[in-house]
Amino acid sequence: MNLGFFFREALRSMKRNAVPSFAAMAAVVVTVLVLGIFIPVVQTTTGAANEVRGRVLANVYLQTKATDADIERVRRLLTSETPHVKTVEFVSKEQAYAQERKKNPEAYSLLGSNPLPDTFRITPDDPDNVAQILNALQPTSASGAKTLVDPAIAEVKDKKDDREKILTATRVIKLTGGGLAILLVLASVLLISNTIRLSLFSRRREVEVMKLVGATDWFIRWPFMIEGVLLGALGGILAVLLLGVTKVALLDPLATDLPLLAAPETMNFGTLIAILLGASVAVSAAGSGLSLRRFLRV
Amino acid sequence: MAATQERPTAKPAAAPRPAGPLGDSVIEFRGVSKVYESGDVGVENATFRINRGEFVFLVGSTGSGKSTLMRLLIKEHEVSSGVIRVSGRDLADIDRKRVPHYRRNIGVVFQDFKLLPNRTVYDNVAYALQVTGGTRKEIREKVPDILRLTGLSTKLHNYPDQLSGGEQQRVSVARAFVNHPPLLLADEPTGNLDPETSIGIMQLLYRINKAGTTVVVATHDAHMVDRMRRRVIELQSGRIIRDEDDGLYRQADQNTAEFGAMLRGDDGMPLQRRGKTARQQSAEDLFDEAFGDDDK
């Protein structure tokens, strides 16, 4: 293929159609900026939501008279014999007392002794599996009575209300985030394809003449596609530079104070850039190629 | 001249078909009708034949179907019924993908020139070679040649909007002919030009015809048709109503008008000629030299 010729053609038409070219590039810049901001935002919020979800717990309260041996036995039971358990955290009655007294010193000063039992806090591997853990620890017999699997356990409880609230909240965040993302991407694609179509429309006469002289569809299309790719890449690079400056100037100083910004689940900047650049180039190339189809039917 | 040597190489690319029972006809219409989607009839039951090397005028008033014929010939439109053969090849057999290749064998000149506005004269002509995959060397040789022969050597680097109408049409003719196609179609080539400039364009077409290319010119320039005395095919509302060799624009019974036209023509011509000779002569000589008058 005569690639050099197509490149020269693309550059020529960019030079001769500076204004539409600039408009198309601006559309790409805006789109990539929006995406570049929005993708991390969505990721952080879902990351945060997931973290909250991770706090769904089941509490296993032991008998107040439980011995160290009992504690060890229950720990082994929880860690190795119960399904869907991710982590087990032991809170001794002294720790629990200290914690609670801090929250509510007056009430606890009235109590002479420590009424709190030793507790295991179980984190499930998935918040939706809490019910199964509960069931494993206190199987429900046919008569409906609940029997505990170990005599040292006094009670097994999950914070049912909390759990449901957290699950709905995270679902809402995910849905709205996803919805917004789809809308934004749609708007961006429309914006870009419209800009490309406008700039092509101004050149439909040119395309018509090319066809009359006997140019094949691809011969006409290549320069346009290359032009699209170049504009997309330029716009993408510009937007990424802006994003980079914003990140270095604004986000990084804040990240130390706001743990949300430094959420580990956020994609790293390099990957984000690669995705954005790839998307902008692909969308503009496909956009110019597809929009051209209409005008090629001469 | 370089062009003379290239002609034999250019011709086989134009793929002249074995003549067979069709004789030597370049264009053959057999019962061709074209009805547009709107229901308008473009051409109705047209049957005619144009032989290799002929110079034919298609005449008729606006809307008589001249342009439709042209469009059918470059396969911009499909026939509704009937068969069109160009160099013995049925146009219906050319699928969409091959249409560009087919068009490269036909030079087309339009009333509105259809030049690429953001390319120089040189690049406009070069584009016709680039689409066929012409090498740079080929382009560097052929383009200046054809532009010199069409009298545009001084305008190489001008853009179309910096040229007069006549000059633009010359560029358009140069572009149509740079591939040395066996067939050249001109749809109202002089429609936008003043009489003097028109003569220059017709001279160009005439010379191209002399060089062996079949030329079909759609026009309603009666003056020109009467003067040239070539084959005339007249259309009216899509139907061919006349086809005669050495024809006039109007039929013979319009003697008075014709007479007047001729008088006016004879009056005006010598004056115009004189003014033109100096510049035109050199280009014509070059042209003859380059493409050779086989008849002479």
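Eleven residues of chain A are in contact with 16 residues of chain B. The model is predicted. The points below cover the side of chain A that touches chain B, then chain B as a whole, then one pair of its helices.

**Where chain A touches chain B**
- Two helices of chain A, H1 (3-16) and H8 (204-213), each supply at least two residues of the side that touches chain B.
- H8(A) gives the largest share of that side, with four residues.
- Sorted by class, the side of chain A that touches chain B holds seven nonpolar, two polar and two charged residues.

**Chain B overall**
- Nine helices and ten strands are found in chain B.
- Chain B has 296 residues, and 42% of them are buried.
- Of the contacts in chain B between residues at least 6 apart in sequence, 73% join residues at least 24 apart.

**Helices H4 and H5 of chain B**
- Helix H4 (residues 121-130) and helix H5 (residues 136-149) of chain B pack with their axes 10 Å apart, at an angle of about 125 degrees.
- Because of this angle, H4(B) counts as oblique to H5(B).
- H4(B) and H5(B) form a right-handed crossing.
- On the H4(B) side, the contact is made by Val121(B), Tyr122(B), Val125(B), Ala126(B) and Leu129(B).
- On the H5(B) side, the contact is made by Glu138(B), Ile139(B), Lys142(B), Val143(B), Ile146(B) and Leu147(B).
- The residues of the contact between H4(B) and H5(B) comprise nine nonpolar and two charged, with no polar residues.

Definitions and conventions. Residues are numbered from 1 along each chain as its sequence is written. Chains are lettered from A and ligands numbered from 1 in the order in which they are written. This is a predicted model: local features need pLDDT of at least 70, side-chain atom pairs count only at pLDDT 80 or more; totals for chains, interfaces and linings use all residues. A residue is buried if 20 or more other C-beta atoms lie within 10 Å of its own, exposed if 12 or fewer, and partly exposed in between; C-beta atoms are placed from the backbone. Two residues are in contact if their C-beta atoms, placed from the backbone, lie within 7 Å. Ala, Val, Leu, Ile, Met, Phe, Trp, Tyr, Cys and Pro count as nonpolar, Asp, Glu, Lys and Arg as charged, and the others, Gly among them, as polar. Axes are lines fitted to C-alpha atoms, for helices over the stretch in contact, and angles run from 0 to 180 degrees between N-to-C directions. Angles under 35 degrees count as roughly parallel, over 145 as roughly antiparallel, 65 to 115 as roughly perpendicular and the rest as oblique. A crossing is left-handed if the near helix is turned anticlockwise from the far one by less than a right angle, and right-handed if clockwise.
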